[in-house]
Amino acid sequence: MNLFDELNEPQRQACLATDGPVLVLAGAGSGKTRTLTYRIAHLIQNQGVHPGQILAFTFTNKAAREMKNRISVLVGPDSRFMWIGTFHSVAVRILRENIRHLGYDDRFVVYDTDDTRSLLKDIVREFNWDEKEWPPSLFQTAISRAKNKFQGPKQWTDTSFFGERVRQVYERYQKRLKDLNALDFDDLIFQTVALLDTHPEVKAQYQRRFRHVLVDEYQDTNLAQYQMVRHLVGPEGNLCAVGDDDQSIYGWRGADMRNILEFQRDFPGATIVRLEENYRSTQVILDAANAVVRNNRERLGKELWTEKKNGEKIRVYRAPDEESEAWYAAEVIHEAVRHGHKLSDCAILYRTNAQSRAFEMAMSRAGITYRLVGGKRFYERKEVKDVLAYLRVVFNPADDMSLLRIINYPRRGIGDVAQRRLREYALDQGVSLAGALAAAGNIEGLSAQARRASLELSELLRSFQAQDGQSLADRVRHIAEASHIMTQLRQERTREADDRLENIGELISEAKRFEDEQGTPDLGEFLGWVALVSDWDETDEDAGGVWLMTVHSAKGLEFPVVIVAGLEEGVFPHMRSMDEGTVEEERRLMYVALTRAQEELYVTYAETRTILGRTTANPVSRFIKEIPEELVAKSQRIAPPDRALSGANRTVEGLALGEKVRHPRFGWGTIVAVRGDGDDTEVTIAFPGGGVRSFLAKFAQLTREETGA
Ligand SMILES: Nc1ncnc2c1ncn2[C@@H]1O[C@H](COP(=O)(O)OP(=O)(O)OP(=O)(O)O)[C@@H](O)[C@H]1O
Ligand SMILES: [Mg+2]
C-alpha cells in the first residue's frame, strides 16, 4: 500500500520534509495527528530509520497507545522499539536510566497530588505556621507553577511576605523529596530538563539515539516541556511539531502559546505547513466553531473548510434545570440510536467534572449504558493507596511518607508518641524511618509494645523485599495478606469493607495485567506505571456506552454525535476565567468542544442549576450567542422533557408483576419486581436475552402491550 494515497498534498509535504524542523499549524480535524502518524511510518518504511530512533510525544497515554497501534499496523512488530508516550512517561524512562547523576537513587517513586499534599502539610507543621491560614494547596499550586516555568527554589524571585514563605516551603519540600527519593509530577519534567541541562554527555547520548522527535498537541506544552524537547532534538534538528493555537487549553497548567510563536526562532529554517481541509465535521459544525473562535483576539487566524457541504443544523436546547438538561441528553441519545448510531458514537461534554452527576443519573434511569472518563480514580481509593504504600516502602525504603501511612495500619501498637519518637531518632541519626524501625531495640522512650511492633514491622518489610523476582501479582497478594490488611477488612463484614476487598482484588489483577502486557515483574516499573495512569486508562474502552467527559478530556477525539452541555455564564465560560481575564482560553475550549462533532451537534444550557446545594440562575453563555443564528435549527426540542415525563407517568400507573411492557431501548420484557410508589416506583424487568434491569418507572418511558409501541 502506498502511504501517501491516504494523505492530501500539504499533509504529504509535512511527511516528506524529513530533514530539519517542521511545524504543522492547523485547525481541528485537519489531520494533524494522522500526518504525524504517517510521517513516522514513512520514516521507518521508506527512509530506513530504525523504530528505536523515534521519539514521539502525545498528550495522553490513550493517544500514545492508539498511535503505536496504528503504526504497528503500517510497519509491523518492530514498532515496539519506538518511544511514544506522554512527556511524563518519557521523563520517567530517561530518569530511571540517569537520575543517579542528580544524586537520586534510580529506585525513586512518583508522588501524586495526595502524597505531596501530606508532605506539604508536614512541612507547614514543622514551620509552626497556622495550617488553616497556610493550607498545603496554596503551596502546591505555587510550586507547580514555578516548576512548569523551570524555576527552582534558587530562581525564586517573589520577595513579598507570601513569596518568601513559598520560597521557604519550596526549598524544604525539594530537600525532603530528595531524602525520600521521591519526585512529584512536575519534577519528572523539571529534573529531566535539569539533567539534560547539566550533563552534556547524557544529552548527547539521547540526541544520538533519537534521530527524529515528534510532538502532537504542541500548543499545550509548557516551558519546561518545551525545554525538554529542545534538549532532545539533535543537531540535525529533526523535529516535527503539530498544533493548533486555537486549541490551547492548558494555560492554567503553564502551557504557553509562545512556544508556537518562538518555534521559528529556536529552529531556524523550519518548514511551516498549514492544513485547511477538515475531514471530521460538516460545514455547519465548522462554521459554528469558526464563528465562535473568531471572537478571540490572540490568535494566528485560520479558517477551515470541508467537502461535507451539507449537514444537520445545530440544535440548541434550553432546559429549566440541570436534571431536565440531562434528561434531554438521554432523549437525544435514544433518538440517535433509533437512527442507527451506536451508543459509543455519542459523547456528552461538559466543563467541570461536577456536572457529570446529573448525566450519570439520567443515563442510569433511562437504561443507557455510559462510560465516565475521570471522576474518583481507582488508584486514589484509600485501600488501594494503603497496599501501594506497602509496595512503595518495599521498593524504596527511603520513602518515609508512605511508611508513615502504614506504620500503624493495620493497628499494631505504634501510636503517635512512638511515631514521633521514631521520627526524632531518624532525624538525629540521619537515617530513614525504616532505618529507625530496624533500630527500635536501641531507641529510648519507646514502650515495650511499640518497640516490639516496630521490630516486627521492620522484619515484615524485609521479608517482602526478599521476594524480589517472584510474580508481581503474587507479591501484591502476599503483601495485602501478610500485612493483615485483607484479614482486617474481612473481619469487618460490612458492605464497604467488601467493596474495599474487591478493589484490592482488582489491584492484584492489575498487577497481573501489567506483568502480562509489559513482560516484566519489576515492582519499580509497576509503581511508575501506576503513578502515571490517567483517567483514560481506567476507562474500559471495549465496554461500549455513551461517553461522559470534560471538554479537556475530549481533546484530539471525535464522535458522530456530540452534546455540549452547561452553556451558562459562570459555568462555561467558567466563573474563574471571568475573574482572571482568561475568557479567551474558555472560548478555545468551546472551539475544542464543538469541533469534536462529526455529524450532529447539540448545545444545551439550564435556566437554573444547583451546584453544591446552591441553586443559581445564570444567563445563557456568550458562546451560544456567538453561533450564527442561521446555523441553529428552528425547532429546538426533540420532545419537551415535561411531556416525556408525564407521558411516561401515564403508562406506568398500576404496574403489575408479570405484566408485559416495552422499553424504548431494550424492547419487550416482563415485570419481575415493583418497589416503592409514586415518583419513586422502581420496576425490575426481565428482557428475553437482554438480562434483568431496574428502572425508575417515572423515567423509563415504558409502554403497555395494549397501547403498542
Ligand atoms: N487525507 C485524509 N483523508 C481522509 N481522512 C482524513 C485525512 N486526513 C485526516 N483524516 C481523518 O480526519 C479525522 C481528523 O484527523 P485528525 O484526528 O488527525 O485531526 P487533528 O488535526 O489531529 O484534529 P485535532 O485538532 O482535533 O487533534 C480523522 O478521522 C482522520 O482519519
Ligand atoms: Mg489531533
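# A walk through the model

Start by selecting residues 32-46, helix α2, and then residues 61-75, helix α3: their axes come within 10 Å of each other and cross at roughly 35 degrees. Keep in mind as you look that this is a predicted model. Now show some side chains. On the α2 side, pick T37, I40, A41, I44 and Q45; on the α3 side, pick M67, R70, I71, L74 and V75.

Why did we look at both an angle and a distance? Because two packed helices are described by the angle between their axes and the distance between the axes.

Stay with α2 for the next stop, and bring up ligand 1. Which helix gives the largest share of the shell around ligand 1? It's α2, with three residues. The whole surrounding set has 18 residues, and the closest are G31, K32, T33, R34 and Y279. Colour the shell by class too: four residues are nonpolar, eight are polar and six are charged.

What is the handedness of the crossing of α8 and α10? This one is left-handed. To see who meets whom, show I189, F190, T192, V193 and L196 from α8 together with A224, Q225, Q227, M228 and H231 from α10. That contact divides into six nonpolar residues, four polar ones and no charged ones.

Time to zoom out. The protein chain has 27 helices and 20 strands. Its radius of gyration is 28 Å, close to the 27 Å that the globule rule gives for 709 residues, so the chain is as compact as a globular protein of that length. Along the principal axes, the C-alpha atoms fill a box of roughly 85 × 70 × 55 Å.

- domain 1: 9-97 + 190-277
- domain 2: 109-180
- domain 3: 294-375 + 540-634
- domain 4: 378-532
- domain 5: 659-704

Find domain 4 and domain 5 in your colours: their C-alpha centres lie 47 Å apart.

Most residues other than glycine have a negative phi, and most peptide bonds are trans. Go to F150, in the loop between α6 (136-148) and α7 (161-180). F150 isn't a glycine, yet its phi is positive, about 60 degrees.

Then jump to the loop between α16 (400-406) and α17 (416-429), where you'll find P410. The bond joining Y409 and P410 is a cis peptide bond, with omega about -10 degrees. Finish at P573, in the loop between β13 (559-564) and α24 (575-580). A cis peptide bond joins F572 to P573, and omega there is about 10 degrees.

Definitions and conventions: Residues numbered from 1 in each chain as written. Chains lettered and ligands numbered in written order. Predicted model: local features only at pLDDT ≥ 70, side-chain atom pairs only at ≥ 80, totals over all residues. Domains from an automatic or database assignment. Near = placed C-beta within 6 Å. Helix = DSSP H or I, 4+ residues; strand = E, 2+ residues; numbered from the N terminus. Nonpolar A, V, L, I, M, F, W, Y, C, P; charged D, E, K, R; others polar. Left-handed = near helix turned anticlockwise from the far one by under 90°. Contact = placed C-beta atoms within 7 Å. Rg over C-alpha atoms; globule rule 2.2 N^0.38 Å. Axes fitted to C-alpha atoms, helices over the stretch in contact; angles between N-to-C directions.
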